[in-house]
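Trainee: I would like to go through some of the labels used for this model and see what each one rests on.
Mentor: Go ahead, and ask for the value behind each label.

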Amino acid sequence: MSSNKNALIRYKTLDKCLKNKYRKYTLEDLIDECSEALFEFEGKESFVSKRTVQLDLQNMRSEKFGYEAPIEVYEKRYYRYSDPDYSIHNISVNENDLKAMNNAIQILKQFKDFSMFKEMNGVIQKLEDSIHSTSQKSIIHLDKNEQLKGLEHIDVLYESILNKKVLKICYKSFKAREENFMTVHPQLLKEYNNRWFLICWHKKAIYNLALDRIVTIETDSETEYIDKDFDADRYFGEVIGATVSETQRPQNVVFIVNSQHAPYVKTKPFHHSQEIIKEDENGTTFKICVQLNFELERMILGMGEFLTVLGPRKLKQRIAKSIRIAHSNYQDQKTTNEEA
């Protein structure tokens, strides 16, 4: 049993003794009670030292854990609470505590429409009632879209990762003509730009499956689950978004943002590797070290005329091609409208 759990058992036991109005507890009695409580939980002989109990009483008296318990010694021998109604389980909260709790509740409410959080609805309601915050409107809004295709799969995927279950997935990508059946070992659920992905192990490689392209899911109870001890921070550390190449190395992407829009990129970096190379009247030149993928291109194109890619040449050419095609689309539209 961990030392933290032992301490919680001792505090709970001491609290029960100190609020008992019908018995006088000496320090030796408290030691015995704590030792017996640990024996009940551990199922083996466990002796609590005098110094440990004395330190526990000192911690309960202090502000260290927020207890500030009114423990007194009367007749120079016996221990009890000076306030008969006190208990460490009835800690009062101040106005700042209530505000902090209410802010947390408002954030939790943003997730209540996801099926995996529905069992939390009752808990959230109880918290709201207990701090009298039901009439307060939400002051924090998180971007979400409950109508996204594929969200209905989150429950079973979440449970399969939690319980280490292998799945048989019928998958149809946007480019494929036919559906593909895959036996996968789910490792992680990943959200990016309001779209969800399943990161899984399949045929000795990590795969990234978009939830909106999953057709059906079945549990494979005969195949042994492979746990890759997946490190999400490391796996996604060299990319923007959710698309990772096993063979591509990250490259230095250099781009300049005009002076008017540079503050937006400074305060919300494209990537954790972002650094400023130069600043002048033309704007700010940034550098990031990432793999070249679809999400990176979408982010750059989203900045429109305010951002110019300086390198690498391959990325610069792809962005230029996309802009030319977009320009051509509008030119065609202009010709059509003039003819009409």
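Trainee: Why is Asp15 called buried?
Mentor: In this predicted model, Asp15 has 1% relative accessibility. Buried means under 20%, so Asp15 counts as buried.

Trainee: What makes Lys19 and Asp15 a salt bridge?
Mentor: Their closest N and O atoms are 3.7 Å apart. The cut-off is within 4 Å, so the pair qualifies as a salt bridge.

Trainee: Why is Lys19 called partly exposed?
Mentor: Lys19 has 37% relative accessibility. The label covers values between 20% and 50%, so Lys19 counts as partly exposed.

Trainee: How do you know that Asp280 forms a salt bridge with Lys278?
Mentor: The closest N and O atoms of Asp280 and Lys278 are 3.8 Å apart, and the limit is 4 Å. Asp280 is partly exposed at 28%, and Lys278 is partly exposed at 47%.

Trainee: What makes Asp212 buried?
Mentor: Asp212 has a relative accessible area of 12%, which is under 20%, so Asp212 is buried. Asp212 also forms a salt bridge with Arg213, with the closest N and O atoms 3.2 Å apart. Arg195, Asp212 and Arg213 are linked in a network of salt bridges.

Trainee: How many salt bridges does the structure hold?
Mentor: The structure holds 11 salt bridges.

Trainee: Why is Asp56 called buried?
Mentor: Asp56, in helix α3, has a relative accessible area of 2%. That is under 20%, so Asp56 is buried. Asp56 touches Arg10, Tyr11 and Leu14, leaving aside residues up to four places away in sequence.

Conventions: Residues numbered from 1 in each chain as written. Predicted model: local features only at pLDDT ≥ 70, side-chain atom pairs only at ≥ 80, totals over all residues. Heavy atoms only, no water. Helix = DSSP H or I, 4+ residues; strand = E, 2+ residues; numbered from the N terminus. Buried < 20%, exposed > 50% of the residue type's maximum accessible area, 1.4 Å probe, protein only. Contact = heavy atoms within 4.5 Å. Salt bridge = Lys/Arg side-chain N within 4 Å of Asp/Glu carboxyl O.
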